[in-house]
Amino acid sequence: MTTLQRKEVNPIAHLSPEDIEQLGRELDAIRDEVLAVRGEKDARHIRRMIAVQRRLELGSRAVLLFSVFPPAWVLGTIGLSISKILENMEIGHNILHGQYDFMRDPKIHSTTWEWDSASPAEQWKHSHNELHHKYTNVVGRDNDLGYGIMRVDEQQKWAPAHLGQPFYNFVNACFFEYGIAAYDLELGRNLRTRKRRNNPEFRARARQVLHKIRRQVTRDYVVHPALALPVGFAVGNPLGALFGTMAANFVANLARNLWSHSVIMCGHFPNGVETFERTSITGETRGEWYLRQMLGSANISGSKLMHIMTGNLSHQIEHHLFPDLPASRYAEVAPKVRALFERYQLKYVTGPLVFQVASAWAKVFRLALPNRKPAREIDHSIPPRHPAEVAA
Amino acid sequence: MPVNQTLRNGAWRVVELITTPVVPADYLDVIAPLRNPTVLRARIEAVRPETADAVTLELRPGRGWEPHQPGQYVRLGVDVDGVRLWRAYSVTSAAGRRDGRFTVTVNAVQDGAVSGHLLRHARKGMLVHLDLPAGDFVLTSPRPAKALFVTAGSGITPVMGMLRSALPELGDVIVVHSAKTPEDVVFGAELRELAAQGRIRLIERHTRADGRLKPAALADLVPDLFERETWACGPGDMLDDLQEHWADAGAAERLHVERFRPTVLVAGDGGTVTFEKSGQVVDVAAGATVLDAAEAAGRLMRSGCRMGICFKCVLPMREGIVRDVRDGKLTTATEVDGDNVLIQTCISTAAGPCRLDA
């Protein structure tokens, strides 16, 4: 993709500033409809998710005490993988968005929740909620575009290092939680100069991350394997129990990382998603912000189970429009949002997971090489900022 | 035993490692919510209607509960349509029950979110959140020889707790209770039974027929009024009248009052926001956000997206009313209910005076 402002055919040329504001009002109305019914049902949903996940985790961990037996290993590993995915996606991500703050439950609240991911909730909320959700797909402002290691837009400058980006992306997928932690720490930028490396604030945040990683690694690769030892000794295969449980945890973490990486790649990288010039968001109105979210996100189609396993990020468009509404409501508003896309003649990017992942990967490969033709000049008249305002 | 203690601490640290990043109690919550010592909860064991608009809940408190003194209240946190709201209710059961249970009696309040919810939806098995018992509306020690209780409406609830706990220790007891009609008297049957047995002297006043009781009339009903240690609970203006009357007689120290203060917050446009920790007061004009107004007044505020999506700017509101500038939704907090509602300052404007715990 190339930024909207440099496209040959402007996909929003048909919208007047009034149209865009009207679009914003209609989206506000959809939001109000959800707010009016938000309550008991949503509280029940998140509590049930938490209960299911914790029981599944305890159950899988219990089964893994017998990991010397292959069927137990398989069952426990599958359960643990699913539990870790639920914990990160439908539970952690959504609670940390403040979607359930309305419940006034101090335990299920964006200010107190902590998740099973290397990045501490506080740091992730800053880079994700505050930066990515506000500056979605603005080249140079939204670091989610390639996470600082890849080039996913023609307007990002090519360097020879990008030749290796399919490989980086694969490694990042396998160790995604650490990738996110490094990203939230802005590791690349902060390690570059001695001054930044020694910045006490950066060091404090880095210590926080390391502390968290240490605890999680100890849990997954020391404590739980050690707990499997008694059964291992009983059947005369303690090493099998120890390494078997370690492997089970590794596979579960890997599965969770690959899954969440794939889902997240589908959010903003597939074909048809628009990006924006840095200058295009100065003085952006609410309607224009909404429009940018609509054009900058892509959905994944699928079943209800699929939506839950992706933490409803399969409704990335709805999520970006209403990041603070309970995610389980996205499926409900999706038809209304889609109708708006049609009425305003905008492209609702969606597709099955496999297609969307392939599309995102294709882009990672394609943009590993430099652009074939030089970029067009920025057309400053293209919204989200409208000509009238640019002139003013 | 220091060695024992060290071992136990070590073992606990391992358990904490198993459950990281959450704490072991969070897993306990899923299995046995009443066993969690860090979050006090109670299970509703029985629901008994008292009158058409009052219901008694028998509660079995979980770990961490401490027994109450007769007359004290307990705050209940009830999830009403998914939102946890806290209200204070007097304990109505006798203190020191063997089974560790206690009761509260909920009276319908007009437009009351929590009382209405409990009246309609309270069922055996439901969980509520709890605070430890509190309040200094309690019987004096040593017990007075002569006691008077002046109550109206739901004001009978703490007094019922006292009577059930300590009636044998009290010598001469008079209860003056006002209610709209005889049927509206909460615990009517029990009070009348006590009166029939001669254990209390009960004076019922039915205000729909007889009008409100004035302190002056009280003197006619209870001649030795000021010789009695008196406990009064009921509507604010009744208590005001009584306090004035007792003060005029120079007997203020013999009168103990308990006020149920339903704080009524009326939504307006704009208001003053007080930052309690620093004492700074900021005027927030209608439509302006708390964040913008506070920054304009030179206050350093935590903020993020400034559009209501990142939740970085939240501050606890002790009391007050704010309006979401995006959709007009109101959020209220009242001190008596012990609220400390986190509000997003970047999209909230004051809809009345507010006090923030910041």
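Me: Just to set the terms, the domain bounds here come from an automatic or database domain assignment. Into which domains is chain B divided?

Reply: This is a predicted model, and chain B is split into domain 1 (2-31), domain 2 (34-130), domain 3 (146-259) and domain 4 (271-356).

Me: What separates the centres of domain 1 and domain 4 of chain B?

Reply: Taken over C-alpha atoms, the distance between those two centres is 38 Å.

Me: What does UniProt list for residues 37-140 of chain B?

Reply: The UniProt record, an unreviewed entry, gives "domain: FAD-binding FR-type" for that stretch. In the model, residues 37-140 of chain B are 9% helix and 43% strand, with the end C-alpha atoms 31 Å apart.

Me: And how many helices and strands does chain B have as a whole?

Reply: Chain B has nine helices and 18 strands. Its C-alpha trace spans about 65 × 60 × 40 Å along the principal axes. Of its 358 residues, 39% are buried.

Me: OK, switching to chain A. How many helices and strands there?

Reply: Chain A has 17 helices and two strands. Its radius of gyration is 22 Å, close to the 21 Å from the globule rule for 392 residues, so chain A is as compact as a globular protein of that length. Buried residues account for 48% of the chain. Among contacts in chain A with a separation of 6 or more, 71% are between residues 24 or more positions apart.

Me: Where does UniProt place the "Fatty acid desaturase" domain?

Reply: The UniProt record puts that feature at residues 73-350 of chain A, again from an unreviewed entry. Over those residues, chain A is 60% helix and 1% strand, and the end C-alpha atoms are 36 Å apart.

Me: I'm looking at A:Trp124. Is it buried or exposed?

Reply: A:Trp124 counts as buried, because it has 20 C-beta neighbours inside 10 Å, and 20 is the number at which a residue is called buried. A:Trp124 lies in helix α4 of chain A.

Me: Which residues is A:Trp124 in contact with, leaving aside neighbours within four places in sequence?

Reply: Those would be A:Leu96, A:Ser119, A:Ile180 and A:Asp184. A:Ile180 is 56 residues away along the chain, and its C-alpha atom is 8.0 Å from that of A:Trp124.

Me: Now the two chains together. How many residues of chain A are in contact with chain B?

Reply: 35 residues of chain A are in contact with 26 residues of chain B. On the chain A side, the elements giving two or more residues are α1 (17-37), α2 (40-64), α4 (121-132) and α9 (200-227). The largest share, seven residues, comes from α2(A).

Me: How do the residues on that side divide into nonpolar, polar and charged?

Reply: The side of chain A that touches chain B has nine nonpolar, eight polar and 18 charged residues.

Me: Last one, helix α15 of chain A. What should its 14 residues span?

Reply: α15 covers residues 330-343, and at 1.5 Å a residue it should span 20 Å; the end C-alpha atoms are 19 Å apart, which agrees.

Me: Which residues of α15(A) are buried, and what covers them?

Reply: A:Tyr330, A:Val333 and A:Val337 are buried in α15(A). An α-helix has 3.6 residues a turn, so residues three or four places apart point the same way. The cover over the buried residues of α15(A) includes α1 and α14 (316-321) of chain A. After α15(A) comes A:Gln345, which has a positive phi near 50°.

Conventions. Residues numbered from 1 in each chain as written. Chains lettered and ligands numbered in written order. Predicted model: local features only at pLDDT ≥ 70, side-chain atom pairs only at ≥ 80, totals over all residues. Contact = placed C-beta atoms within 7 Å. Helix = DSSP H or I, 4+ residues; strand = E, 2+ residues; numbered from the N terminus. Nonpolar A, V, L, I, M, F, W, Y, C, P; charged D, E, K, R; others polar. UniProt positions renumbered as here; feature names shortened; annotations may be inferred. Expected span 1.5 Å × (residues − 1). Buried ≥ 20, exposed ≤ 12 C-beta atoms within 10 Å, placed from the backbone. Rg over C-alpha atoms; globule rule 2.2 N^0.38 Å.
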